[in-house]
Amino acid sequence: MLSKTLLYTLALAGGAPAALAHWTYSQLIVNDEVVGEPWQYIRPHDNGNAPLTDPNATEFRCNAGAQASQTYTVRAGDELGFSVNDHFGHPGVQQAYLSRVPDGVAAADYDGSGGWARVYSLTTAPRSNSSDNSSDDEVLEWATHNIQSFRFPLSPATPPGEYLLRAEGLALHAAHKPGEAQFYVSCAQIRVEAGEDAAASAEPGPLLDIPGMYREDDPGVLIPVFWSYLTNYTAPGPALWPEGTAEQHVAKEL
C-alpha cells in the first residue's frame, strides 16, 4: 500500500492546480452536528480558500476582510469544531485558538485584539510501523490528511462570556522556504454559558496577541527540510490550555 507521504507527493507532482488543495472553514460544529448555514456563525471573509502567509498582518486574526457573523450559544464542556471546506489538502497541522471578548462588548463588535489561548492541536499521525524495527528516523505522516471536519472538547473550565474561536490550518508543503508557510484561518463567534461544574472555571492562558503570536522563522512555521523528509515536528504556539491538554494525533470527524 502506498504511504500517505508518497500519495501527497504524487498528488502535488501530478499537475493539478494548487488551489484545488486549498480550503476554508465555513460552518461551526457543536455536539455532533453542523449548526446553521455556511457563514452564519463563522465570520465571512474576502479571501476565498486562499492562504495567508504573513503572520504579522492584522488579517491573521480572522482572515482578510472578515465581517461579523451571528453568535452561537454553547456550554462549557460542549464539543466544538469546524467543517473543512472541502478538505485539508496539504501536509500540515490543525489548531484552534480562543479569545475572550472584553466585558461590555459583543462578539460581533470585537476585533480580536485581545489575547488568544491555544486550545487544540492536531499534528502528526501515529507511526505506521509499530514493529521492533521502527525508529525515530521514520518519515512523518499527518493526522490532518484529507480531513473534512475536526472536533474537540471546549474545556468545562471555560468562563462564561462571548468569544472568538479561531480555526488555523498550517500547510507545510513549502514551509522549508522562509515566508512560504501557508495559513488557513476562520473565526466563529460563540457565547459560552456555564457548564455543569461552574465552580471549576479558570481564565484561559497563556495568552498571545495576533499579530505577534508567530514569526516567519519560528520552529514549526519554518521547517528545516522539505516536508516529506521530516522525521520530527513540533507545532508552533503557546502551551495548550487548560494545562495538561494533550496534542492530538487522530482527528475526530463527523
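A pocket is an open set of grid points with protein on both sides within 12 Å along at least five of seven lines. I start with that term because my first entry needs it. The model I am looking at is predicted.

I looked up the second largest pocket. Its volume is about 180 Å³. I then asked which of its 15 lining residues are closest to the centre. They are Val119, Tyr120, Phe152, Pro153 and Thr245. Strand β7 gives the most, with three residues. I also sorted the lining of the second largest pocket by class. Nine residues are nonpolar, four are polar and two are charged.

**Entry: a cavity**

Rolling a probe the size of a water molecule over the atoms shows where empty space is left. How many cavities of 30 Å³ or more does the structure hold? I found one. The largest cavity has a volume of about 40 Å³. I noted residues that line the largest cavity, among them Thr53, Ala175, Lys177, Pro178 and Phe183. Glu216, Val221 and Leu222 also belong to this lining. By class, the lining has six nonpolar, two polar and three charged residues.

**Entry: the disulfide**

I searched the whole structure for disulfides and got one. It joins Cys62 to Cys187, with an S to S distance of 2.1 Å. Why does this pair tie together parts that are 125 residues apart in sequence? Cys62 lies in the loop between β2 (33-35) and β3 (72-75), while Cys187 lies in strand β9 (residues 182-193), so the link spans that separation. Are the two cysteines buried or exposed? Cys62 is buried, and Cys187 is buried as well.

**Entry: the sheet**

Strands of a sheet pair through backbone hydrogen bonds, either parallel or antiparallel. I traced an open sheet of five strands. Its order is β3-β9-β8-β5-β6, and the pairing is mixed. Which strands are at the edges? They are β3 and β6, and each pairs on one side only. The twist averages 35° from one strand to the next.

I then followed one pairing. Strand β5 (residues 92-100) pairs with β6 in the antiparallel sense, over five bridges. Within it, I found Tyr97 opposite Arg118 in β6.

Methods: Residues numbered from 1 in each chain as written. Predicted model: local features only at pLDDT ≥ 70, side-chain atom pairs only at ≥ 80, totals over all residues. Heavy atoms only, no water. 1 Å grid on protein atoms, 1.4 Å probe; cavity = no way out; pocket = protein on both sides within 12 Å on 5 of 7 lines; lining within 4 Å. Points joined across faces, edges and corners; volume = space filled by probe spheres on them. Nonpolar A, V, L, I, M, F, W, Y, C, P; charged D, E, K, R; others polar. Helix = DSSP H or I, 4+ residues; strand = E, 2+ residues; numbered from the N terminus. Disulfide = S-S within 2.5 Å. Buried < 20%, exposed > 50% of the residue type's maximum accessible area, 1.4 Å probe, protein only. Pairing = 2+ DSSP bridges. Axes fitted to C-alpha atoms, helices over the stretch in contact; angles between N-to-C directions.
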